[in-house]
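Let us walk through a protein model and look at how some of its charged side chains pair up. Then we turn to a pocket.

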Amino acid sequence: MSTSTAAAPVVADERVASKGPVAKLLGRPEIGALVGAIALFVFFAVVAPVFLQPSSIATVLYGASTIGIMAVGVSLLMIGGEFDLSTGVAVISSALTASLFSWYFSTNMWVGVVLALAVSLAIGFVNGWILIKTKLPSFIVTLATFLMLTGLNLGLTRLIGGSVSSPSTSTMDGFASAKAVFASSVNLAGVDVNITVFIWIALVAVASWILLRTRVGNWIFAVGGDANAARAVGVPVVRTKIGLFMGVGFCGWILGMHNLFAFATVQSGEGIGNEFLYIIAAVIGGCLLTGGYGSAVGGAIGAFIFGMANKGIVYAEWNPDWFKFFLGLMLLLATIVNLVVKKRAEAK
Amino acid sequence: MSNTNDSGRRIEQDTLLKNQKDSLTHTPVHLLELKDVGKHYGNIIALQGVTMAVDTGRVTCVLGDNGAGKSTLIKIIAGLHQHDAGTFEIMGAERKLSSPREALDSGIAAVYQDLAVVSLMPIWRNFFLGSELTTGVGPFKRMDVETMKRITKEELAAMGIDLRDVEQPIGQLSGGERQCVAIARAVHFGAKVLILDEPTAALGVKQSGVVLRYILQARDRGLGVIFITHNPHHAFPVGDRFLLLKRGKSIGYYDKKDITIDELTSQMAGGAELAELAHELEQAGGNSEDIAEVRAEAADVMTAATNPTDASSTGRHTG
């Protein structure tokens, strides 16, 4: 067709207009979020120069990581066509389990940590299992779990510890070593970077690998895109969905352990409302609410936007009352950009 | 329709199902064999007393109007539903399939009306969905993306479709192309029995012809094909056997040598029903010319010599 194809060493199909790197980038699910993140970064860099200092960036990254760790699991779950409203309180449930168990039975903290992992995975499993068995929408199932966990957190904490917060565990065996794993900071070229930032990055890398390069990743896209079609070609839909809920549970466990070992005590009423932050991060990052489309990197960028907005307002010395308004606006703009970009990319 | 029932000689179920040797394998069993299979959903009887067989290199057509039980029948064969009456044998062994995976493992692959493809996913991911190729071991076990893309392209080329880019979402392909991807997928994964659920229903004339050619290609590659359709003009040229369903029951099972396309058509359409349609149109005050046309069609069907699709399209104009 064209003279260039004749000269090309690789046999290219003449009907494929060579997609430039720009067009390829525009086809990615997280592009809207990336543009938003860059715009926001430049904006805060201009209005609050202190924002650019390495220590400020470390703080922003820390804020982003506490959302981002959960956003990894939530993004994958959303790509798999479901979402989870119980994540915010499930994080606290995990932290309370480790704290109260170790304190009550005076065991090494690590015993509580392992038990908390089992509990977190079990919460995910139960969510997924009820969803599959009842065929109810995940909104209803996880809303019920959310309410039950909220009640359990408050009730059991008061029953066991006698207070609304868990007793301090900072002097217990194993606390120091667990803190080193879940809540220490790493000195990077003179700047203290919280370990959660590295855990976050590692989780995003692993999740991206799973999503794009493994069979399970193929199944996640398929169960979210069309569960019936996936089942018809032999994809284990039940196992995939339950696995995704358990993945969210795993992320919740990591964040719960961070909360516990960073502050030594856990407020039993915390966590409510955080589930929306995780969902917002995933949606801003280009995950389709109806499933079948999105990326782990997108969720990470969404979390980074959250971290920038959250801390940037402080650095710009504005009233943090405005933060939620800002977040809502970001959500709206990012999703509109995603929609437009996706339509344009598909039309090409 | 009563006058046409005797025109085609029905296959004697006993001779067909008992010890008829498979023409290619010379084994005395059929690839698939259904005897008096039935299925009900609660108190609704969806299927009753259906008997049919599928053999290597043969196309068995299942014909029937909407609601005749065609979909229920293939869901039983494909493992989505379980029959609750009669027997279902695969290679002579009685089976009850509990999942599509089990059906696939037994060599039965279904291509559904809605195609069972995930439209947002790239073609190559859809092609290998559920049967992905992997490389590496342990935690580094990963999909062999390059090989999968190459095989997808090759298999589709072998079926006669030259696709532009296997990375594009399958939702962007035309209905006929998607159909071919689904058929090529089934053939590649070693299906012995290929079930095609209304593959030509949503296609234009030319695309239907393309799909019919793929059916013959699959047959020539030694597959047993079950072709489900409501159009006798698509079924007759490619079919070897014809099972006619109506309201969940078998109303005829013929070998190609025993029936003509006109007889098939009239059994399908039912001349009496066309006459009734003409009457209804008249009652509703339809265009008298069109009614006369439907009448003529009905008369033609009665004498087993016309095409029911013309009649139905004429009927639509009056509405």
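**Charged pairs and a pocket**

B:Asp220 and B:Arg219 form a salt bridge, with their closest N and O atoms 3.2 Å apart. A salt bridge here is a side-chain nitrogen of Lys or Arg within 4 Å of a carboxyl oxygen of Asp or Glu. B:Asp220 is exposed, with a relative accessible area of 59%. B:Arg219 is partly exposed, at 23%. Buried means under 20% relative accessible area, exposed over 50%, and partly exposed in between (1.4 Å probe, protein chains only).

This is a predicted model: local features need pLDDT of at least 70, side-chain atom pairs count only at pLDDT 80 or more, and totals for chains, interfaces and linings use all residues. Residues are numbered from 1 along each chain as its sequence is written, chains are lettered from A in the order in which they are written, and side-chain values use heavy atoms, without hydrogens and water.

The whole structure has 11 salt bridges over all chains. In one of them, A:Glu82 meets A:Lys241, with the closest N and O atoms 2.6 Å apart. This pair links distant parts of the chain, 159 residues apart. A:Glu82 lies in the loop between helix H4 (54-79) and helix H5 (87-105) of chain A, and A:Lys241 in helix H12 of chain A. Helices are DSSP runs (H or I, at least four residues), numbered from the N terminus. Both A:Glu82 and A:Lys241 are buried.

Now the pocket. By class, the lining of the second largest pocket has 16 nonpolar, seven polar and nine charged residues. Nonpolar covers Ala, Val, Leu, Ile, Met, Phe, Trp, Tyr, Cys and Pro; charged covers Asp, Glu, Lys and Arg; the others, Gly among them, count as polar. A pocket is an open set of points on a 1 Å grid over the protein atoms alone, where a 1.4 Å probe fits, with protein on both sides within 12 Å along at least five of seven lines; lining residues have an atom within 4 Å of a point.

How values were computed:
Helix = DSSP H or I, 4+ residues; strand = E, 2+ residues; numbered from the N terminus.
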